[in-house]
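Subject: Structure handover and findings

Dear colleague,

Please find the sequence and structure below for your review. My findings follow directly after.

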Amino acid sequence: MKSLHNDDVKFTSTAETLEPDTANSRLFLILNPVAGSCSAEQVRFTLKQYCEQHDVGYEIYETTGKEHLPSIVREAREKDYSVIVAAGGDGTASMVAGELIHSPIPLGIIPVGTANLLARELAIPLDLESACQLVVTGGAIRKIDAMRVGRQVLISHISLGSYSRIAERTSVEAKRRFRQLAYIWNGIAEFIGTRVWRFDLVVDGQRQRIKAAFIMIANVGAMGAATLRWGEEVKPDDGKVDICIVRTRGLLHYSSFLWHALRGRHKESPHTDYLWAEKNIKVRAKKNLPVRGDGEIIGRSSVEIEIIPRAVPIIVPAPMPEEIAS
């Protein structure tokens with residue numbers, strides 16, 4: 001299958017990286033206590049230390065799963081906080097980000113989830129103390145693209161097929177206990193018995209019918225395992241999202257796919273095709289497959305995605321002088 005777009009076109013990041021004039025003065029933290037690696041008590045204690053050290057006011061809201069989180073974020077926006085922080089995984093970050101589209105208030109991330117793909121992509125520290133220090137003292141602001149599905153905003157990945165079936169079969173308890181290893185057992189069983197599924201795919205108005213093991217729609221390149229990426233050209237702030245169509249069957253094909261990914265030669269894999277979209281994507285499966293978005297199951301069988309470029313301002317580490325020079 002040939003790409004719907006010219007694979008020879010090269011893209012560079014259009015997002016500006018700006019340093020704020022002052023450190024944050026008031027901080028609102030949304031804490032997910034059941035995130036993959038989260039100790040809510042430890043997060044509260046560490047944040048308190050840094051806020052008191054730098055004379056930053058703060059408020060912590062601990063989620064229960066029963067509240068309407070967008071309403072909580074909207075209320076925080078109206079109270080003149082200088083930064084709103086998500087402490088959790090990619091799902092928590094995307095839910096908070098959905099209410100900060102084109103907002104002057106940036107999103108801070110304390111990555112205590114299972115995979116923390118967005119944090120890895122943006123070089124946000126994965127250790128708790130460094131992450132708390134970053135959101136309290138400030139860094140740089142990077143505006144990333146977003147994907148809107150109905151009223152929900154997603155910022156990392158959306159998938160259909162075998163990949164999303166593995167996630168659906170992996171319990172919250174297993175993710176908390178074993179983190180990324182929790183997916184391996186279900187993954188092996190799924191990959192051994194992999195079948196291909198029929199999909200209708202529409203990318204920026206161009207339609208095609210395909211067969212694939214799964215479709216990965218990636219705004220973030222990180223897979224969450226070692227240095228593996230969905231593609232070398234996947235960037236969260238280039239005004240587009242990438243579509244990886246994986247046609248593998250069985251462990252042999254998956255091994256070949258991973259071998260190409262490890263070498264950074266994704267497009268040479270005989271089992272994958274790559275497309276990209278700037279405006280919208282529609283996918284419909286012929287079977288009742290789960291749709292996974294940013295670590296959560298968000299629907300079944302079909303998904304319609306609107307791409308919002310440079311949508312969410314996020315606090316990231318300030319670039320080093322040598323990075324600015326390069």
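Asp-200, Arg-209 and Lys-286 are linked in a network of salt bridges, a salt bridge being a side-chain nitrogen of Lys or Arg within 4 Å of a carboxyl oxygen of Asp or Glu. Please note that this is a predicted model, in which local features need pLDDT of at least 70 and side-chain atom pairs count only at pLDDT 80 or more, while totals for chains, interfaces and linings use all residues. Residues are numbered from 1 along each chain as its sequence is written, and side-chain values use heavy atoms, with hydrogens and water left out.

Salt bridges

Asp-200 lies in strand S9 (residues 197–203) and Lys-286 in the loop between S14 and strand S15 (290–293), so the pair ties together parts that are 86 residues apart in sequence. Helices (H or I, at least four residues) and strands (E, at least two) are DSSP runs, numbered from the N terminus. Asp-200 is buried at 11% relative accessibility, whereas Lys-286 is exposed at 52%; buried means under 20% relative accessible area, exposed over 50%, and partly exposed in between (1.4 Å probe, protein chains only).

The search of the whole structure returned 10 salt bridges. One of them joins Arg-148 to Glu-306, the closest N and O atoms being 3.5 Å apart. Because Arg-148 belongs to strand S6 (residues 140–149) and Glu-306 to strand S17 (residues 302–316), this pair ties together parts that are 158 residues apart in sequence. Arg-148 is partly exposed, with a relative accessible area of 28%, and Glu-306 is partly exposed at 41%.

Asp-273 and Arg-247 also form a salt bridge, with their closest N and O atoms 2.8 Å apart. Asp-273 is in strand S13 (residues 272–277) and Arg-247 in the loop between strand S12 (241–246) and helix H9 (250–262), 26 residues apart. Asp-273 is buried at 16% relative accessible area, while Arg-247 is partly exposed at 24%.

Nonpolar cores

The largest nonpolar core has 58 residues, and those with the most contacts inside it include Leu-27, Leu-107, Ile-155 and Ile-314. Domain 1 (26–138) and domain 2 (153–309) both contribute residues, so this core lies between them; the domain bounds come from an automatic or database domain assignment. A nonpolar core is a set of buried Ala, Val, Leu, Ile, Met, Phe, Trp, Tyr and Cys residues joined through side-chain atoms within 4.5 Å. Not counting residues up to four places away in sequence, Ile-314 touches several residues, among them Leu-107, Leu-118, Ala-140 and Arg-142; contact means heavy atoms within 4.5 Å. A second, separate core of 26 residues includes Ile-210, Ala-212, Val-241 and Ala-285.

Thr-46

Thr-46 lies in helix H1 (residues 40–53) and is buried, with a relative accessible area of 5%. Beyond four places in sequence, Thr-46 touches Leu-128, Glu-129 and Cys-132. The C-alpha atoms of Thr-46 and Leu-128 are separated by 7.6 Å, although these residues are 82 residues apart along the chain.

Confidence

The protein averages a pLDDT of 82, and 77% of the residues score at least 70; pLDDT is the predictor's confidence in each residue, from 0 to 100. Among the elements, strand S14 (residues 280–285) has the highest mean pLDDT (97) and strand S1 (residues 17–18) the lowest (42). Over residues 1–23, pLDDT stays under 50. Where pLDDT is low, the predicted coordinates should not be read in detail.

Kind regards
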